[in-house]
Amino acid sequence: MAENILLREDAPEIPRAVACAIFPQGGERECEASLAELARLLDTAGAELCASLTQMREKPDSATCIGSGKLKELSDLCDTMEASLVVFDCELSPSQLREIENAIERDVEVLDRSMLILDIFAKHAVTSEGRLQVELAQLRYTAPRLAGKGKDMSRLGGGIGTRGPGETKLEVDRRRIKSRIHALEEQLAHVESARATMRAARDRSGLVRCAIVGYTNAGKSTLLNELTGAGILAQDKLFATLDPTTRQYTLPSGMKFLLTDTVGFIRNLPHHLIKAFRSTLEEAALADVIINVCDASDGDFADHLKVTDDLLKDLGAEGKPTLLVFNKCDLCTDSVRLTEMRRAASAGGCEAVFISAKTGEGLDEFETKLEQIAAGGRTRETFLIPHSDGASLHLLYTSAHGVETEYAEDGVRVTATVDAKLRGKLAAYNVNKSVPVTDDGEDF
Ligand SMILES: Nc1nc2c(ncn2[C@@H]2O[C@H](COP(=O)(O)OP(=O)(O)OP(=O)(O)O)[C@@H](O)[C@H]2O)c(=O)[nH]1
Ligand SMILES: [Mg+2]
């Protein structure tokens with residue numbers, strides 16, 4: 001397995017990891033779920049979880065996160081388990097990381113959850129934009145933590161938690177980190193403006209833009225592959241997809257879409273990662289319709305939906321027309337859970353479908369509902385926008401579809417497909433009667 005960096009010649013063994021977590025009173029269940037996820041993250045990174053240690057406390061110890069007695073226990077556990085890695089299921093400051101590492105007698109690498117996630121991102125980033133984003137996030141987050149441990153920065157790019165994004169290895173000289181960050185920011189600004197140009201071209205196409213979002217491993221890529229034959233890597237690993245892929249998709253009725261597969265969400269997704277990946281995550285904010293994919297076979301589906309909702313809010317993508325897709329129904333025979341899911345869907349006020357992207361079950365209903373949602377309330381209108389109102393013209397270009405313009409003496413005559421909200425906003429300029437968008441999708 002070429003992708004597994006730990007099976008290199010100089011890394012003969014799979015690192016054995018001990019996980020450590022704290023939880024507030026009453027938070028056992030959530031802590032357990034988070035630790036189970038940490039085990040999967042470790043597996044994706046190429047390590048093996050061999051033991052975990054938890055402590056109930058309301059707040060982390062400012063010096064060592066866990067208390068001193070627990071820290072001794074952790075040190076002994078590392079010996080017993082012959083561990084080479086300790087991962088805390090929360091964020092650690094550089095000084096906490098150093099103190100913990102000093103207190104553990106065995107020579108172990110201490111990481112926190114964010115460093116581990118960044119490591120996986122480094123492993124999975126493919127496009128230049130993805131690589132730049134990961135490197136920037138690592139320089140901002142991981143580098144100060146390694147420097148804080150007083151270790152040689154040249155270790156960056158080595159094993160788990162210190163893996164750089166491939167060819168563009170992290171700079172090893174601490175003094176040069178700042179200028180590297182600056183250079184990366186500039187490069188990213190270029191890539192982002194290229195992305196914006198591509199988006200603008202897509203917008204002009206007048207197709208309905210759909211973002212496929214959801215918790216990591218829910219089956220987003222599998223769904224896009226099934227619908228469009230996109231051939232994206234879909235694996236039983238967390239964060240298999242980092243770079244958004246867009247494919248055109250035509251419903252049997254002729255309605256045309258642009259479907260974009262996006263990076264998965266996870267609980268406690270580090271904030272700096274959201275910041276670093278903002279331009280790719282923005283795909284959701286700029287979409288007309290959200291396809292929210294959830295793994296119906298996962299007992300934690302309700303938590304996953306909450307994480308997704310919160311992140312969509314964060315990204316400014318809340319309130320968009322949404323199709324909730326409960327996937328992997330071939331694995332879910334629990335009728336109680338199916339009822340719970342129906343309830344969750346109706347409480348969220350959005351349409352839901354139950355499918356299996358793997359077997360194709362439920363895809364007919366998926367298509368019908370997607371079409372209903374996409375066409376909901378859209379009409380083809382003509383507006384006469386005065387030359388003095390550049391803002392309204394801009395609004396049409398950015399929010400409407402199939403925009404056609406004709407310059408006249410008294411203004412710009414714009415014909416476009418708009419939703420009810422935009423129609424209301426521009427009512428004063430409306431010069432024709434609404435023409436409902438028909439199901440044959442011509443207007444898309
Ligand atoms: N049984 C079953 N497995 C599925 C289904 N859909 C996806 N899977 C499997 O679930 C795993 C994750 O699928 P992906 O499509 O990579 O999930 P994703 O949401 O794109 O994940 P990330 O890109 O990592 O966020 C893969 O092993 C798929 O084969 C389904 O309907 N049924
Ligand atoms: Mg994927």
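Student: Okay, E226. Is it buried, exposed or partly exposed?
Tutor: This is a predicted model, and in it E226 is partly exposed, since 19 other C-beta atoms lie within 10 Å. A residue needs 20 or more to count as buried.

Student: Which element does E226 lie in?
Tutor: E226 is part of helix 7, which covers residues 220–228.

Student: And what does E226 touch, leaving out residues up to four places away in sequence?
Tutor: A357 and G360. There's also T359, which is 133 residues from E226 along the chain, yet the C-alpha atoms of the two are separated by 9.2 Å.

Student: Which residues of helix 7 are buried?
Tutor: K220, S221, T222, L223, L224 and L227 are the buried ones.

Student: What covers those?
Tutor: The cover includes strands: strand 5, strand 6 (245–250), strand 7, strand 8 and strand 9 (322–327).

Student: Where does F239 lie?
Tutor: Look in the loop between helix 7 and strand 6. F239 counts as buried because it has 21 C-beta neighbours inside 10 Å.

Student: Switching topic: the ligand. Which element gives the most residues to the shell around ligand 1?
Tutor: Back to helix 7, which gives three residues to that shell. The shell has 22 residues, and the ones that come nearest to ligand 1 are G219, S221, A234, T241 and G264. S221 is also one of the buried residues of helix 7.

Student: How does the shell divide by residue class?
Tutor: Around ligand 1 you get seven nonpolar, ten polar and five charged residues.

Student: Now helices meeting helices. How do helix 1 and helix 4 cross?
Tutor: Helix 1 is residues 28–45 and helix 4 is residues 113–124; their axes come within 9 Å and cross at roughly 40°. That's why the two helices count as oblique to each other. Helix 1 passes helix 4 in a left-handed crossing.

Student: Which residues make that contact?
Tutor: From helix 1 it's L38, L41, T44 and A45, and from helix 4 it's R113, L116, I117, D119 and I120. By class, this contact of helix 1 with helix 4 has six nonpolar, one polar and two charged residues.

Student: What about helix 9, which residues are buried there?
Tutor: Helix 9 runs over residues 278–286, and T280, L281, E282, E283 and A284 are buried in it. Those buried residues pack against strand 5 (208–214), strand 7 (256–261), helix 8 (271–276), strand 8 (289–295) and helix 10 (301–314).

Student: Strand 3 next. Is L85 buried or exposed?
Tutor: L85, which lies in strand 3 (residues 85–88), is buried, because 24 other C-beta atoms lie within 10 Å. L85 and V110 are 25 residues apart along the chain, with their C-alpha atoms separated by 6.0 Å.

Student: And I14, where does that lie?
Tutor: I14 is in the segment before strand 1 (16–23). I14 is partly exposed, with 15 other C-beta atoms within 10 Å. Its C-alpha atom is separated by 9.8 Å from that of D43, 29 residues away along the chain.

Student: Let's zoom out. How many helices and strands does the protein have?
Tutor: There are 14 helices and 14 strands. Out of 444 residues in the protein, 41% are buried.

Student: And what share of contacts comes from residues 24 or more positions apart?
Tutor: They account for 72% of the contacts with a separation of 6 or more. Thinking back to where we started, E226 touching A357 and G360 shows residues from other parts of the numbering meeting up.

Terms used. Residues numbered from 1 in each chain as written. Chains lettered and ligands numbered in written order. Predicted model: local features only at pLDDT ≥ 70, side-chain atom pairs only at ≥ 80, totals over all residues. Helix = DSSP H or I, 4+ residues; strand = E, 2+ residues; numbered from the N terminus. Buried ≥ 20, exposed ≤ 12 C-beta atoms within 10 Å, placed from the backbone. Contact = placed C-beta atoms within 7 Å. Near = placed C-beta within 6 Å. Nonpolar A, V, L, I, M, F, W, Y, C, P; charged D, E, K, R; others polar. Axes fitted to C-alpha atoms, helices over the stretch in contact; angles between N-to-C directions. Parallel < 35°, antiparallel > 145°, perpendicular 65-115°, else oblique. Left-handed = near helix turned anticlockwise from the far one by under 90°.
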